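Reader: I'm new to this one. Can you walk me through it, a bit at a time?
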Amino acid sequence: MNVIEMNKGKSFEHDFRESAVKQNLWIMRINDTYYNAKEYDPKAFVPKQACDYLIHKDGELYLLELKSTEKKYITIERDGTNGMIKQHQYEQLQKLNGEHEHGLLVLQFERDVDQKTFFMPIDGFINFLDAKGKKSINVLDCVQYGGYQIPQMKARVHWWYDVKKALF
């Protein structure tokens, strides 16, 4: 499938991955088998993945869940309500977070207008959930709770993200 034909979320994932590869970062996509298996057998037990990608840099492992929206906010699954950021994702990222393992949400807002992309450390995200009790997150929330913007640049069609510089 041509990148142009992909949905915008998949295009974001593709550009992010290509940016990391071009910066000589080790990156691995974790395939999400949940939806494919449930299509064939709705009763099948299939574990849900915590994140989309793993990146290794300088002895540190980064677990990344990417979310992209054209809106100024991203919804969060909480208390039985649906959301783009799933509860199992942020709970698993928090459990996997350690001394050399870093859970990060990669949040892209307003992708069709004034695109802003942030790394949001999972600890900051959990602090945000505990303090605010909201069911969505926006750029201001992201910055107030430890998120930081990823340097990015648009080429002709694709975006380039300075992943290496943004990782701590």
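Reader: Let's start with Y161. Is Y161 buried or exposed?
Author: Y161 counts as buried, because its relative accessibility is 1%, and the cut-off for buried is under 20%. Keep in mind that this is a predicted model.

Reader: How many aromatic pairs does the structure hold?
Author: Nine aromatic pairs. One of them joins F12 and Y161 edge-to-face, with 5.6 Å centre to centre and 75° between the planes.

Reader: Where do F12 and Y161 sit in the chain?
Author: F12 is in helix 1, residues 8-22, and Y161 is in strand 10, residues 159-161. They are 149 residues apart, so the pair links distant parts of the chain.

Reader: And F12, buried or exposed?
Author: F12 is buried, as its relative accessible area is 3%.

Reader: Which residues form the aromatic cluster?
Author: F12, F16, F119, Y148 and Y161 form one cluster.

Reader: How many residues of strand 6 are buried?
Author: Six of six. Strand 6 spans residues 116-121.

Reader: What does strand 6 pair with? Start with strand 5.
Author: Strand 5, residues 101-109, pairs with strand 6 in the antiparallel sense over six bridges. The bridge partner of L105 is M120 in strand 6. The two strands form a hairpin with six residues between them. In the turn, E110 has a positive phi of about 50°.

Reader: How many bridges join strand 6 to strand 8?
Author: Two bridges, and those strands also run antiparallel. Strand 8 covers residues 148-149. There, Q149 stands opposite F118.

Reader: Zoom out. What is the strand order in the open sheet?
Author: The order is 1-2-3-5-6-8, six strands in all, with mixed pairing. Strand 1, residues 26-29, and strand 8 are the edges, and each pairs on one side only.

Reader: How is strand 1 joined to strand 2?
Author: By four bridges, running antiparallel. Strand 2 is residues 53-57. The bridge partner of W26 there is H56.

Reader: How many helices and strands are in the chain?
Author: Six helices and ten strands. The chain has 168 residues, and 44% of them are buried.

Reader: Core next. Which residues touch the most other members of the largest nonpolar core?
Author: I76, I85, Y90, L107, F125 and I137. That core has 21 residues. Helix 3 (87-96), strand 5, strand 6 and helix 4 (122-132) each give two or more residues to this core. Helix 4 gives the most, with five.

Reader: What is Y90 in contact with?
Author: Leaving aside neighbours within four places in sequence, Y90 is in contact with I76, E77, R78, I85, I122, F125, I126 and L129. Apart from this core lies another, of 18 residues, including I55, L64, L66 and I150.

Reader: Switching topic. Why does E60 count as buried?
Author: Because its relative accessibility is 16%, and buried means under 20%. E60 lies in strand 3, residues 60-68.

Reader: What does E60 touch?
Author: I55, E99, H100 and H102, not counting residues up to four places away in sequence. E60 and E99 are 39 residues apart along the chain, with 8.7 Å between their C-alpha atoms. The side chain of E60 also makes a polar contact with the side chain of H100, at 2.8 Å.

Reader: Last one, Q89. Where is it? Buried or exposed?
Author: Q89 is in helix 3. Q89 is buried, with a relative accessible area of 7%. Its side chain makes a polar contact with the side chain of E65, at 3.1 Å. Beyond neighbours within four places in sequence, Q89 is in contact with Q49, A50, E65, K67 and M84.

Technical notes: Residues are numbered from 1 along each chain as its sequence is written. This is a predicted model: local features need pLDDT of at least 70, side-chain atom pairs count only at pLDDT 80 or more; totals for chains, interfaces and linings use all residues. Side-chain values use heavy atoms; hydrogens and water are left out. Buried means under 20% relative accessible area, exposed over 50%, partly exposed in between (1.4 Å probe, protein chains only). Two strands pair if DSSP finds at least two bridges between them. A nonpolar core is a set of buried Ala, Val, Leu, Ile, Met, Phe, Trp, Tyr and Cys residues joined through side-chain atoms within 4.5 Å. Contact means heavy atoms within 4.5 Å. A polar contact is a pair of N or O atoms within 3.5 Å; within protein, one must be able to donate a hydrogen and the other to accept it, and residues adjacent in sequence count only if both atoms are side-chain atoms. Rings of Phe, Tyr and Trp (its six-membered ring) pair if their centres lie within 6.5 Å; planes under 30 degrees apart count as stacked, over 60 as edge-to-face and the rest as tilted.
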